[in-house]
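Colleague: I'd like to learn how to read a model like this one. Could you take me through it feature by feature?

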Amino acid sequence: MWFLERWLENPATVKKITYILYASLVIVCLLGIVVQFAPSTEHEDHTAHDAQDIEHARHEEHGEHDPFVFESIPIFYAIFGLVICALLGLGAKAYGHNVVMKEEDYYDR
Amino acid sequence: MTGDVFTVPPAAIFIIGALLIPLFKGRMRQAYMLLIPLLAIINVYFMQQGTDWILPFLEYKLVFGRVDLLSKCFAYVFVIAALAMTFYALRTKEAGEHVAAFLYIGSALGVVFAGDMLSVFIFWEVMAWASVVLIWYRRTKASVDAGFRYILVHVVGGVLLLGGIILYMQEPGGLVDGVIPFTTNAFNYTSPATILILLGFIINAAVPPLHAWLPDAYPEATITGAVFMTAFTTKTAVYVLARGFADFNIEGIPILMWLGAIMALYGVIYAILENNIRRLLAYHIVSQVGYMVCGIGIAASTTMVLVSEMAIDGTAAHAFCHILYKGLLFMSAGAIIYMTGKTKLTEMGGLYKVMPITMIFYMIAAFSISGVPLFNGFTSKSIIIHAAEMAHNAPIFLMLEAAAVGTFLSVGLKLPYFAFFGKDAGIEARDPPKNMLIGMGIAAFLCILLGVYPSLLYNILPYPEAVADYAPYAPAHVIGSLQLLLFTYFGFLLLKKKLHPENTISLDTDWLYRKGGVLFAWFINNPLARGAQWTADVVIDVKNFAAWFSKNPAEALGIITDKICLFVLNISQGTSTVGQTAEDMIDERLRQYPGEPVRRDPIGVSVLLGTIFLFAYLIYVVVPYLSVYVVIALVLVFVVSGISMRIMEMKRFAG
């Protein structure tokens, strides 16, 4: 793994990895928008065939094709991920520092 | 075809197998130990559905072989995990530790195939006592203490369970033909019996606030013991909850659903604060088991059969995958501790250079637990979340997704960043021995296999038809998950400085019994013990005095009266003679006491005594007609008048 070490410790590589991350952030957001607004071929199939229509109705009964309202927000999961990550990270640390974090020998004293 | 194969309860293979381990040494023992899980895997594969192995016990019957899809699903992962973990533990020298581990696995399998509550209870207790040995074998003070706390909590849980079972026996259907049945959804109503059984179960499932034993004890167990423990205790609890409580509501509230969702977030929050790597991962057991408990609650919350079945499928699938990736996480963390001797994130960094294979295995497990597509957590966790979606339960859906973010944040990003990458701590180490790597390899292979071919898992779930239409790799789902994870990564990079591990511990609900225990011990040692001692001392003093007094009551009374005169009233005249002070005279009398018991007194004294006795007898006759206070007053009057007569006599001498 020494090759990996040299590779990872090269600032240029780190920079490259960071760019790849930023690019992938943009790509998944774009893909998400595409998937959301592209006409669903699967749905057309459902209306085309009677047999699948019944299947569709069965699922309707169980509520499968009824997503939450917030899921119609574009790139909902990206926003949710970032917001919750910040809330959890900072919130947990704030809770820890103010309430529960103690010295390691707390119970031995 | 499979009907021809002779099978036994897999618990028997492990339990009998465990007892024979000390007979083997060296390579023979290693081969023998691998043979047991292999046999068990074949055995479970050929087990037929139905109820078998009913044994009489006292006036009851134990059912050791209730085989259906739910129990088989859990049994499969138990025996597969047992094989991988046995590989990992092969180099452990102590036969006793292996025996404990195999008894533990065997009793967990016993619970899974138990068809009655009494066998559940028996295996439940064996499990607790076998697993505590795995903690104590670490042989540090911390592990001995943590083990005691662990076993105390589990004994309480066992007693609650037993109490619930005994109450349940009194209820209609609670005792049928000598069997206390443990049927599917048996506990679908609230009564003292079901509540107690539920409490017993959720202590083992580590549901907050009853969870603190888990992050307290697991990090203190032996390297290999902790790996075994991650798989069985909480997952048998999930199994029994899924079996008995999948239709349990309190006043219409699906309590397990809310507890599970809170649990999922609770574990995540504490994991962010943790510095000890195994404790960080232990908090993620709490979090991941939260998903499973929540799945059981979702099943209870809905009247839609398909959703309910899907939620139970999700629970079983997630338990299956969780055992594999959590075992792998603990194996990797154990490998780090084994090879470097360090347990804290603050002491690590740059380990990828020296332990690259461990790093790769760890990352496979971390991606699995975080639900990265192509890893097994993605295909199992999403069933539970999907069930929440189908039940139109937005709060639960969002809580579970938020817990997924937190999971990736600490297991997928923080721990590897500060342990394997980050600032190089310059630790000398290398990858662990081959047997450990094989165990990790098996688990890692299965994590990826079930991520790529989820249908392998979906086909052995309790309700295969409920997940038949479910497609985890629908484009919207994959992209949604990737958005969630990548933006969590982005958030981590922004917050990296804030999330730095700190050299602290975090107080949890075990504070109540750790500090409360100290307070209780102080109360026992000080007020309570001293009070008890004081009472004993007083009783003994009274006894001694009575013994002393009865040797010569007249002389004793005289001494006491003179003492009162001398020391309280300061009257010394009449008691001293030439050459002797009053004090000396009393000392002399005390020394000679009891002396001659019968005093040669003038006849008047005898008459006086006779009168006193007659008077006492009179009082004795009259007393029943008097109130207590009058009697006490009379006695006081006599005592006081007697003493004052003596005093007057002495004053006369003085005069």
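Modeller: Helices (H or I, at least four residues) and strands (E, at least two) are DSSP runs, numbered from the N terminus. This is a predicted model, in which local features need pLDDT of at least 70 and side-chain atom pairs count only at pLDDT 80 or more, while totals for chains, interfaces and linings use all residues. Residues are numbered from 1 along each chain as its sequence is written, chains are lettered from A and ligands numbered from 1 in the order in which they are written, and side-chain values use heavy atoms, with hydrogens and water left out.

Colleague: Which elements make up the secondary structure of chain A?

Modeller: Chain A has five helices and one strand, and from the N terminus the order is α-α-α-α-α-β. A loop sits between helix 4 and helix 5 of chain A, and A:Ile75 is in that loop. A:Ile75 has a positive phi of about 40°, although this residue is not a glycine.

Colleague: Is A:Ile75 buried, partly exposed or exposed?

Modeller: We use relative accessible area with a 1.4 Å probe, protein chains only: buried is under 20%, exposed is over 50%, and partly exposed is in between. A:Ile75 comes out at 24%, so this residue counts as partly exposed. For chain A, buried residues make up 29% of its 109 residues.

Colleague: Which residue of chain B has a positive phi without being a glycine?

Modeller: B:Trp53 does, with phi near 60°. B:Trp53 lies in strand 1 of chain B, residues 50-57, and is partly exposed at 33% relative accessible area. Another backbone feature is the cis peptide bond from B:Pro208 to B:Pro209, with omega near 5°. B:Pro209 is in the loop between helix 7 (192-204) and helix 8 (213-217) of chain B.

Colleague: Now the interface. How many residues of chain A are in contact with chain B?

Modeller: Contact means heavy atoms within 4.5 Å. By that rule, 52 residues of chain A are in contact with 60 residues of chain B. Buried area is the accessible area (1.4 Å probe) that two parts lose on being put together, summed over both. Chain A and chain B bury about 5100 Å² between them, with 73% of it on carbon and sulfur atoms. In chain A, the residues that lose the most area to chain B are A:Phe68, A:Glu104 and A:Tyr107, together 14% of what that side buries.

Colleague: How do I read the polar side of that interface?

Modeller: A polar contact is a pair of N or O atoms within 3.5 Å; within protein, one must be able to donate a hydrogen and the other to accept it, and residues adjacent in sequence count only if both atoms are side-chain atoms. Across the interface of chain A and chain B, 10 residue pairs are in polar contact, both residues at pLDDT 80 or more. Helix 5 of chain A gives the largest share of the side that touches chain B, 18 residues.

Colleague: And what about the strands at the interface?

Modeller: Two strands pair if DSSP finds at least two bridges between them. Strand 1 of chain A pairs with strand 3 of chain B (residues 505-506) in the antiparallel sense, over two bridges. A:Met101 stands opposite B:Ser506 there.

Colleague: Which residue of chain B forms a salt bridge with B:Arg243?

Modeller: B:Asp68 does, with the closest N and O atoms 2.7 Å apart. B:Asp68 lies in the loop between strand 2 and helix 3 (69-89) of chain B and B:Arg243 in helix 9 (residues 223-244), so the pair ties together parts that are 175 residues apart in sequence. B:Arg243 is buried, at 1% relative accessibility. Finally, B:Arg149, B:Asp216, B:Asp510 and B:Arg514 are linked in a network of salt bridges.

Key: Salt bridge = Lys/Arg side-chain N within 4 Å of Asp/Glu carboxyl O.
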